[in-house]
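Please report on the helix packing and on selected loop residues of the structure shown here.

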Amino acid sequence: MTAPRTAVAPWAAPEIAPATDVERDAQEWIAPYDQAWHLLRTRDWVVHLRPDAPLELRLAALVHDIERMFPGGPRLDLDTQAWDDPWYLFAHGTRSAEFVDEWLRARADVTAAQRYEVCRLVALHEVGGLRGGDDLQAADSLSFLETLADPGVWIVSGAASADRAEAKFRYSADRIRVPAAHEPAARLLAAALNGLPTKERTEP
């Protein structure tokens with residue numbers, strides 16, 4: 001999906017520059033992915049929520065969906081399967097972690113402990129977890145609502161019905177457990193819901 005490379009509102013997370021060589025290289029790695037902006041904004045949001053975010057958390061945010069750039073991955077039926085289907089979520093997260101692990105193994109500037117931590121966070125990004133897992137899940141949700149919750153694309157393309165699109169948008173906001181993310185999530189959710197067909201739209 002093509003999207004502007006800017007935050008959508010003054011209160012949204014500001015864009016940040018990569019702070020390390022590995023982050024710069026990660027941005028080059030993900031560049032061919034058609035949802036790279038979503039990954040970049042996830043890193044922006046994770047730093048917005050956690051200004052002290054360590055390298056491992058910032059890097060995990062940048063690459064958390066990378067398996068979708070490669071063919072043969074798990075598939076979720078957008079119009080029938082539950083949005084929290086564990087068979088899909090865990091397959092997606094662990095497959096991404098496997099690609100990330102392979103990419104990081106070739107780098108001399110990343111320790112084995114750092115590589116493990118990045119992969120742990122990537123594997124948990126859909127469900128959250130301790131030591132940054134919830135922060136990454138929240139940042140992923142905020143970035144999704146900002147960059148990918150386009151009702152026109154979801155519905156006009158035939159990928160999903162308006163009801164299913166609404167359920168996905170609400171799920172993305174409802175799963176957030178980080179208090180600091182609740183207000184921006186509510187704003188982004190309201191904007192996404194406002195784009196749904198009026199006859200099928202309900203209040204957030």
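The model is predicted.

**Helix pairs**

Two packed helices are described by the angle between their axes and the distance between the axes. Start with α2, residues 36-49, and α6, residues 133-147. Their axes come within 8 Å and cross at roughly 130 degrees. The crossing of α2 and α6 is right-handed. On the α2 side, the contact is made by W37, H38, R41, T42, W45, V46 and L49. On the α6 side, the residues in contact include L136, A139, D140, S143, F144 and T147. The residues of this α2 and α6 contact divide into nine nonpolar, four polar and four charged.

The other pair is α8, residues 162-174, and α9, residues 182-194. These helices pack at an angle of about 175 degrees, and their axes are 10 Å apart. That makes α8 roughly antiparallel to α9, because angles over 145 degrees count as such. From α8, the contact takes E166, F169, R170 and A173. From α9, it takes A185, L189, A192 and L193. By class, the residues of the contact of α8 with α9 divide into six nonpolar, no polar and two charged.

**Loop residues**

| Residue | Relative accessible area | Class |
|---|---|---|
| H64 | 0% | buried |
| R107 | 17% | buried |
| D84 | 47% | partly exposed |
| R131 | 58% | exposed |

H64 lies in the loop between α3 and α4. What does H64 touch, not counting residues up to four places away in sequence? The set is H38, L39, T42, H92, S96, V122, H125 and D140. One of these contacts is polar: the side chain of H64 pairs with the side chain of H38 at 3.3 Å. H38 also belongs to the α2 side of the contact with α6. T42 of α2 and D140 of α6 take part in that helix contact too. H64 is buried, with a relative accessible area of 0%. From H64 to A185 the separation is 121 residues in sequence and 19 Å in space, C-alpha to C-alpha.

D84 is placed in the loop between α3 (55-63) and α4. Leaving out residues up to four places away in sequence, D84 touches L89 and Y171. D84 and F99 are 15 residues apart in sequence, and their C-alpha atoms are 22 Å apart in space.

R107 sits in the loop between α4 (86-105) and α5 (112-124). R107 counts as buried because its relative accessible area, 17%, is under 20%. The side chain of R107 makes a polar contact with the side chain of D109, at 2.8 Å. Beyond four places in sequence, R107 touches D21, V22 and D25.

R131 is in the loop between α5 and α6. R131 is exposed because its relative accessible area of 58% is over 50%.

How values were computed: Residues are numbered from 1 along each chain as its sequence is written. This is a predicted model: local features need pLDDT of at least 70, side-chain atom pairs count only at pLDDT 80 or more; totals for chains, interfaces and linings use all residues. Side-chain values use heavy atoms; hydrogens and water are left out. Helices (H or I, at least four residues) and strands (E, at least two) are DSSP runs, numbered from the N terminus. Buried means under 20% relative accessible area, exposed over 50%, partly exposed in between (1.4 Å probe, protein chains only). A polar contact is a pair of N or O atoms within 3.5 Å; within protein, one must be able to donate a hydrogen and the other to accept it, and residues adjacent in sequence count only if both atoms are side-chain atoms. Contact means heavy atoms within 4.5 Å. Axes are lines fitted to C-alpha atoms, for helices over the stretch in contact, and angles run from 0 to 180 degrees between N-to-C directions. A crossing is left-handed if the near helix is turned anticlockwise from the far one by less than a right angle, and right-handed if clockwise. Ala, Val, Leu, Ile, Met, Phe, Trp, Tyr, Cys and Pro count as nonpolar, Asp, Glu, Lys and Arg as charged, and the others, Gly among them, as polar. Angles under 35 degrees count as roughly parallel, over 145 as roughly antiparallel, 65 to 115 as roughly perpendicular and the rest as oblique.
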